[in-house]
Amino acid sequence: MKDRKIKVTDARERKFYINCLHAKNIPVSEFKMSDKRDFSSVINDSLSRHFKDNFEPKEETVKWMREQWNLVRLASKELSWINKKEERLCYFIWCIIRQLSTQNAAKIYSLQVKVARSADMNSPALLNDYNIYESLRLPTSLTSIDERYETIIDFFDLWILDVDRKRVVLKYIKEKWSQRYSSDDTFNWLDSGNEEQCKWAWKYLKAHEQIDVDFIDPCMPSELYNAVVSAIDYWEPIAPEIKELFLMKMKKSLGQKKHRDKQTDRKNYNFVLSIHAKEKLDQLASHHNKKKNEMLEFMINREFSKLE
């Protein structure tokens, strides 16, 4: 009997087959995903060691693995719109798949394809309600766009659902992103490089009960800005006006915070100046293109420097 073997053609297929071995409780040789070894050999050696001379169950397992991959695999071109360099896009997609349940996936399929409720539940993968992301044991604390992009691809590869239904879910996410991208939700009012501002914005969001941020875990300060933007992107209130009003209030509150922060080293003073001194101060301020308080501070600092 000819020994059937697995042939791995790319990194996505390699990871899928390794996941299949884990699902079957078949020990896999130690390796790193960055390892340049032939992963076909790693997988086939693991199968041979596990089944030894039991060719029939090995053949059945190899056949099952190939069939599963052909059933669930999305072509690379279908995923090409997910640009790994677009941080906001990748975070937005991650938020959706992180919270996606089987029941929600069934609803998406029902709405997109316009099938009856009974028909959209035919897939065994959608019968019971559970969080798909968590069932795949994908990482929940991600620290970079590269990790987030890789996890998105892993989600769609490892999710055991027929490819046609996956395409429907992917199309739904793409349409949602197009709606967000075409909106005027720009965040130039929040400084991505200002950690204090981003901490304030994250705290502001967490205090707003309507916005679900519990599943987002910005484990590094540099992730705070992306977490804020993504939480707002992902949020879908019952009316768009609710989000618009919320953002207006948030911008105003941040503006007030910025103003207060600028005033921390300043204090109001009341003193009397002669009319002539006031006129001279006005002229000096105008000549130096400064405000009157700035002109006073400039002259004080200049005279003080002469004493040193």
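Helices α4 and α10 cross in a right-handed sense. In this predicted model, the axes of α4 (residues 87-99) and α10 (residues 224-234) come within 9 Å of each other and cross at roughly 60°. The protein chain that holds this pair has 13 helices and zero strands.

**Helices α4 and α10**

- Angles under 35 degrees count as roughly parallel and 65 to 115 as roughly perpendicular; α4 and α10 are therefore classed as oblique to each other.
- On the α4 side, the contact is made by E87, R88, Y91, F92, C95, I96 and Q99.
- On the α10 side, the partners are N226, A227, V229, S230, D233 and Y234.
- Sorted by class, the residues of this contact comprise seven nonpolar, three polar and three charged.

**Residue S230 within the contact**

- S230 belongs to helix α10 and is one of the residues through which α10 meets α4.
- The relative accessibility of S230 is 1%, and the residue therefore counts as buried.
- Leaving aside residues up to four places away in sequence, S230 touches Y91, F92 and C95.

**Helices α1 and α2**

- Helix α1 (residues 11-23) packs against helix α2 (residues 39-51) at an angle of about 15°, and their axes are 10 Å apart.
- Angles under 35 degrees count as roughly parallel, and α1 and α2 are therefore described as roughly parallel to each other.
- The crossing of α1 and α2 is left-handed, whereas that of α4 and α10 is right-handed.
- R14, Y17, I18 and L21 are the residues of α1 in this contact, and they meet F39, I43, S46 and L47 of α2.
- By class, the contact of α1 with α2 consists of six nonpolar residues, one polar and one charged.

**Aromatic residues**

- The model contains 14 aromatic pairs.
- In the pair F16 and Y17, the ring centres are 6.1 Å apart and the planes stand at 65°, so the arrangement is edge-to-face. Planes over 60 degrees apart fall in that class.
- F16 has 1% relative accessibility and therefore counts as buried; Y17, at 2%, likewise counts as buried. Y17 is also one of the α1 residues that meet α2.
- W235 and F246 form another pair, with ring centres 5.3 Å apart and planes at 75°, so this pair too is edge-to-face.
- W235 lies in the loop between α10 and α11 (240-262), while F246 lies in helix α11, so the pair ties together parts that are eleven residues apart in sequence.
- W235 and F246 are both buried.
- One aromatic cluster is formed by Y91, W94, Y133, F155, F156, W159, F215 and Y234.

**The chain as a whole**

- Read from the N terminus, the order of elements is α-α-α-α-α-α-α-α-α-α-α-α-α.
- The protein chain has 308 residues, of which 40% count as buried.
- Among contacts between residues at least 6 apart in sequence, 67% join residues at least 24 apart.

How values were computed. Residues are numbered from 1 along each chain as its sequence is written. This is a predicted model: local features need pLDDT of at least 70, side-chain atom pairs count only at pLDDT 80 or more; totals for chains, interfaces and linings use all residues. Side-chain values use heavy atoms; hydrogens and water are left out. Axes are lines fitted to C-alpha atoms, for helices over the stretch in contact, and angles run from 0 to 180 degrees between N-to-C directions. Helices (H or I, at least four residues) and strands (E, at least two) are DSSP runs, numbered from the N terminus. Angles under 35 degrees count as roughly parallel, over 145 as roughly antiparallel, 65 to 115 as roughly perpendicular and the rest as oblique. A crossing is left-handed if the near helix is turned anticlockwise from the far one by less than a right angle, and right-handed if clockwise. Contact means heavy atoms within 4.5 Å. Ala, Val, Leu, Ile, Met, Phe, Trp, Tyr, Cys and Pro count as nonpolar, Asp, Glu, Lys and Arg as charged, and the others, Gly among them, as polar. Rings of Phe, Tyr and Trp (its six-membered ring) pair if their centres lie within 6.5 Å; planes under 30 degrees apart count as stacked, over 60 as edge-to-face and the rest as tilted. Buried means under 20% relative accessible area, exposed over 50%, partly exposed in between (1.4 Å probe, protein chains only).
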